[in-house]
Each structure stands twice: as C-alpha cells, then as structure tokens.
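Trainee: I have a model open on my screen and I'd like to learn how to read it. Can we go through it feature by feature?

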Amino acid sequence: MADPEVQKNSELLNDERWMRLALEEAAQAADHGDVPVGAVIVIGECVAGRGRNQTERRQDPTAHAEMLALRQAARVSGYYRMPSATLYVTLEPCAMCAGAIVLARIKRVVFGAWDPKAGACGSLRNVIQDHRLNHRCSQTGGILQQECSVQLKAFFSTLRGSRGT
Ligand SMILES: [Zn+2]
C-alpha cells in the first residue's frame, strides 16, 4: 500500500498543476477587462473543459468561468453529469456556479482564493456540501491561494488606478 503521506503530497502537486492552468485561463479574462477567474475541469488526466470569466465581454451575468467550463465539458463528454470530474477554479464558486456544479454531479471542487463576499463553498454558505441536496462534492480550498489572490488584487488595483479613485 502507498504511504499516505506520499500520496497526499502527490495529490497536492497534481492540484497545483491544474490550478496553474486555471490561473492561465484567468489571466486571459483580465486581458479583456473581466475579473480574472479561470476554471478547468479534469476527467481522468484529461482537460474536458476550460473557462474564464466573460461577464463583461459577453454582457452575460451567467458567463462565469465555471459555467463556461461546465458547458464545454458536458459537450465534450456528451453527458451533463460528470461524476468522476474535478473542477479547479481560481476563486471560490458563487451560489449560481455552486448550484450548477451540484446539478453536474461534479465529484470534487478545488479552488484557490476564498471569496468572503460571494463564496458559496464555505464562506457565506456551502451549497456543494449541503446535506439537504441529493449530491455533495468533496472540496479543497486554498490551493495556490497566494497566486490566485495576488492576480485578483492586481486586477482591481489597476482598475482603480485607471478610474482615478
Ligand atoms: Zn459563479
């Protein structure tokens, strides 16, 4: 049997690897003036979906990174339920995305920065682990938290700078 400590370390390295991909997606959102949030859905060792926040670009309040990644992954896998998938996202999912994650039966959610203002995976509420719902995800928060929050803070400070406030 594998040493549980070694197994835990390799899981952490794996989580960080996929989170870096989500950070790359997020950076592209910022290029278009959107709050930099990126998401990646992994099934097995393959990326099934990617998304970056595009609410400003598309003028669509539902165009969050997780929603776009879920849509792509469902299209790619041919089924809207993904019980073996892990969703990586740079910011704690909001209530809308957490609801969609439950509907998609995602197995595990890994996020970077906590969102005390809108987070629905532990901050304001926990939709993905609500025992009253018929599906619960396992979750890990705080993976590459530093990088994820620095990216968000840099975006908002540039925004404030350009508005002269
Ligand atoms: Zn959301």
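**Reading helices and strands**

Mentor: Let's start with a helix pair: the axes of α1 and α5 come within 11 Å of each other and cross at roughly 5°. Axes here are lines fitted to C-alpha atoms, for helices over the stretch in contact, with angles running from 0 to 180 degrees between N-to-C directions. Before going further, note that this is a predicted model: local features need pLDDT of at least 70, side-chain atom pairs count only at pLDDT 80 or more, and totals for chains, interfaces and linings use all residues. Residues are numbered from 1 along each chain as its sequence is written.

Trainee: How are α1 and α5 oriented to each other, roughly parallel or roughly antiparallel?

Mentor: The general idea is that two packed helices are described by the angle between their axes and the distance between the axes. Angles under 35 degrees count as roughly parallel, over 145 as roughly antiparallel, 65 to 115 as roughly perpendicular, and the rest as oblique. α1 and α5 are therefore roughly parallel to each other.

Trainee: Which residues of α1 and α5 meet?

Mentor: Leu23, Ala26 and Ala30 come from α1, and they meet Glu147, Cys148, Gln151 and Phe155 of α5. Contact means that the C-beta atoms of two residues, placed from the backbone, lie within 7 Å. Helices (H or I, at least four residues) and strands (E, at least two) are DSSP runs, numbered from the N terminus.

Trainee: Which residues of α5 are buried?

Mentor: First the cut-offs: a residue is buried if 20 or more other C-beta atoms lie within 10 Å of its own, exposed if 12 or fewer, and partly exposed in between, with C-beta atoms placed from the backbone. An α-helix has 3.6 residues a turn, so residues three or four places apart point the same way. In α5, Cys148, Gln151 and Leu152 are buried. They cover an arc of only 90° around the axis, which puts them on the same side of α5. That arc is taken from the directions from the helix axis to the C-beta atoms.

Trainee: What does the face of α5 turned away from its buried side carry?

Mentor: That face carries the exposed residues Gln146, Lys153, Ala154, Ser157, Arg160 and Gly161. The buried residues of α5, in turn, pack against α1 (4-31), β3 (85-91) and β4 (108-113).

Trainee: What span should α1 have?

Mentor: The expected span of a helix is 1.5 Å times one less than its number of residues. The 28 residues of α1 should span 40 Å, and its end C-alpha atoms are 41 Å apart, which agrees. Just after α1, Gly33 has a positive phi of about 85°. The buried residues of α1 include Trp18, Met19 and Ala22, and their cover includes β1, β2, α3, β3, β4 and α5.

Trainee: Now the sheet. In what order do the five strands come?

Mentor: Strands of a sheet pair through backbone hydrogen bonds, either parallel or antiparallel. Two strands count as paired if DSSP finds at least two bridges between them. Here five strands form an open sheet in the order β2-β1-β3-β4-β5, with mixed pairing. β2 and β5 (138-141) stand at the edges, each with a single partner strand, so one side of each is left without a neighbour in the sheet. On average, neighbouring strands of this sheet are turned by 15° against each other, direction ignored.

Trainee: How many bridges join β1 to β2, and which way do they run?

Mentor: Six bridges join strand β1 (residues 38-43) to β2, and the two run antiparallel. Val42 has Val47 in β2 as its bridge partner. Their hairpin has two residues between the strands, and Gly44 takes a positive phi near 65° there.

Trainee: And what about β3, parallel or antiparallel to β4?

Mentor: β3 and β4 pair in the parallel sense over five bridges, and Tyr88 stands opposite Val110 in β4. β1 and β3 are joined by five bridges and run antiparallel. In β3, Leu87 is the bridge partner of Ile41. Helix α3 (residues 65-77) packs on the sheet, touching β1, β2 and β3, and its direction makes about 145° with that of β2.

Trainee: Why is β3 described as largely enclosed?

Mentor: Seven of the seven residues of β3 are buried, so it is largely enclosed by the rest of the structure. For contrast, look at Gln59 in the loop between α2 (55-58) and α3: Gln59 is exposed, with 8 other C-beta atoms within 10 Å.
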